[in-house]
Amino acid sequence: MKYFFLITILLLITGCSSDDTAASETPIASDTDGAIYFPPIGPDDWETVSLDDLGWDTDAESALLDFLAANGTKAFLLLKDGKIAMEAYPNGGQKNEAHPWYSVGKTLVSFSAGLAVQQNRLLLNEPSSTYLGTGWSSLENTQEIAITVKDHLQMTSGLDFNVSNMNCTDAECLTFLNTPGGFWYYHNAPYTLTQKIIGEAVDEAFEPYFERNLKNIIGMEGEWATLGFANIYYSNARSMARFGLLNLNQGQWEDTPVLGDLEYFEQMTSTSQPMNKAYGYFWWINGAANHRLPGSEQQFDGKLIPNAPDDLIAGLGKNDQKLYVVPSEGIVVVRMGESADEPTLGPSGFDNALWEKINVLINR
């Protein structure tokens with residue numbers, strides 16, 4: 001049924017024509033003064049701002065668009081202080097086309113966990129078995145209760161990642177390897193279980209909780225779809241941009257404090273543990289002195305994305321799905337489509353190349 005429902009949703013929301021140029025459906029020229037603009041809920045009349053008004057390099061726009069088109073991009077959005085500065089749909093992309101977020105969707109789950117914490121329904125330092133029940137893994141009881149909710153959020157569960165399917169959430173796939181909290185590895189199964197943890201904490205399924213407390217408040221579209229063990233979010237680029245804008249404003253949508261717990265927001269978007277300084281709670285953090293990458297136990301020196309601003313936070317998904325939020329620049333960037341490089345789970349060389357082009361555009 002979920003597959004049928006997803007196909008129905010995709011058919012309903014992919015009926016618009018392709019547009020390869022920077023545009024909005026209802027362009028409204030306006031100046032920016034640093035104040036954050038929030039698009040209305042419902043009507044798709046998102047305000048725009050011209051590159052000329054921003055003082056950006058208009059000559060760099062075509063080079064950026066050519067680069068995006070040559071690298072499998074199907075949707076690209078760049079917001080400045082909430083207004084659309086660039087919007088493009090190359091390679092046959094469509095404005096209302098739903099794309100999979102893949103691991104960018106982890107940021108939705110982290111944010112939702114913060115909402116449950118804010119409501120005093122979820123405790124980060126509690127064993128995850130408080131919410132999942134005992135026996136959710138193949139660990140001994142003392143090992144299982146040592147894994148906290150926070151360990152799931154920061155990828156330090158200690159579960160063995162040397163398994164044939166790291167997405168598998170069956171108990172037999174979840175065995176002991178490291179002491180929880182002492183080793184970082186990008187393991188999808190503990191992430192997926194976080195959705196169940198949140199659902200048990202708030203006493204309802206994760207999806208309706210997410211819709212009522214986050215999605216509907218900021219006017220997002222999209223649906224979750226179960227693909228194997230994974231639960232993947234699908235939406236158009238503007239919905240991802242809405243979520244990016246919410247995080248640019250530290251969890252507040254206009255006058256509504258969606259996530260008013262600023263302590264949790266700071267924890268979520270800052271280094272969460274010492275093993276991978278470029279990782280928060282399912283968010284990637286730029287500017288740290290070193291970082292680790294999905295699929296590797298190696299530590300690399302230097303910033304995650306050298307060409308990007310130090311204060312960038314990012315959701316990074318398979319096949320180069322990108323959500324960048326840069327508070328110092330008032331910028332949100334969304335990129336969706338096919339893989340630009342070899343298929344990857346997180347950061348790739350494409351991130352750095354894309355930021356080289358963006359830097360020229362914004363005179364950075």
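This is a guided tour of one protein structure, stop by stop.

**Before starting**

The structure is a predicted model, in which local features need pLDDT of at least 70 and side-chain atom pairs count only at pLDDT 80 or more, while totals for chains, interfaces and linings use all residues. Residues are numbered from 1 along each chain as its sequence is written, and side-chain values use heavy atoms, with hydrogens and water left out.

**The whole protein**

Helices (H or I, at least four residues) and strands (E, at least two) are DSSP runs, numbered from the N terminus. Of the 364 residues, 57% count as buried. Here, buried means under 20% relative accessible area, exposed over 50%, and partly exposed in between (1.4 Å probe, protein chains only). A contact means heavy atoms within 4.5 Å. Among the contacts with a separation of 6 or more, 63% join residues 24 or more positions apart.

**The nonpolar core**

Select Leu78, Leu122, Leu214 and Phe243. In the largest nonpolar core, which has 104 residues, these four touch the most other members. A nonpolar core is a set of buried Ala, Val, Leu, Ile, Met, Phe, Trp, Tyr and Cys residues joined through side-chain atoms within 4.5 Å. A second, separate core of 5 residues includes Ala98, Ala225, Ala230 and Tyr234.

Next, centre the view on leucine 122. Beyond its neighbours within four places in sequence, leucine 122 is in contact with Ala113, Ala116, Val117, Tyr131, Val149, Ile197, Ile198 and Ala201.

**The cavity**

Select Met155, Phe161, Asn178, Trp184 and His187, which are among the residues that line the largest cavity. A cavity is a set of points, on a 1 Å grid over the protein atoms alone, where a 1.4 Å probe fits but cannot get out; lining residues have an atom within 4 Å of a point. The search of the whole structure finds 1 cavity of 30 Å³ or more, and the largest cavity has a volume of about 60 Å³. Such a volume is the space filled by probe spheres set on the points, with grid points joined across faces, edges and corners.

**Two residues with positive phi**

Most residues other than glycine have a negative phi. Select asparagine 120, in the loop between helix H4 (106–118) and helix H5 (129–132). Its phi is positive, about 60°, although asparagine 120 is not a glycine. Asparagine 120 counts as exposed because its relative accessibility is 70%.

Then move to phenylalanine 282, in the loop between helix H11 (262–268) and strand S8 (284–285). Phenylalanine 282 also is not a glycine and has a positive phi, of about 65°. Is phenylalanine 282 buried or exposed? At 1% relative accessibility, phenylalanine 282 counts as buried.

**Two further loop residues**

Select leucine 139, in the loop between H5 and helix H6 (141–144). Leucine 139 is buried, since its relative accessible area is 11%.

Finish at glutamate 221, in the loop between helix H9 (206–218) and strand S4 (223–227). Glutamate 221 is partly exposed, with a relative accessible area of 40%. Not counting residues up to four places away in sequence, glutamate 221 touches Lys215, Tyr233, Ser235, Asn236 and Ser239.

Notes:
1 Å grid on protein atoms, 1.4 Å probe; cavity = no way out; pocket = protein on both sides within 12 Å on 5 of 7 lines; lining within 4 Å.
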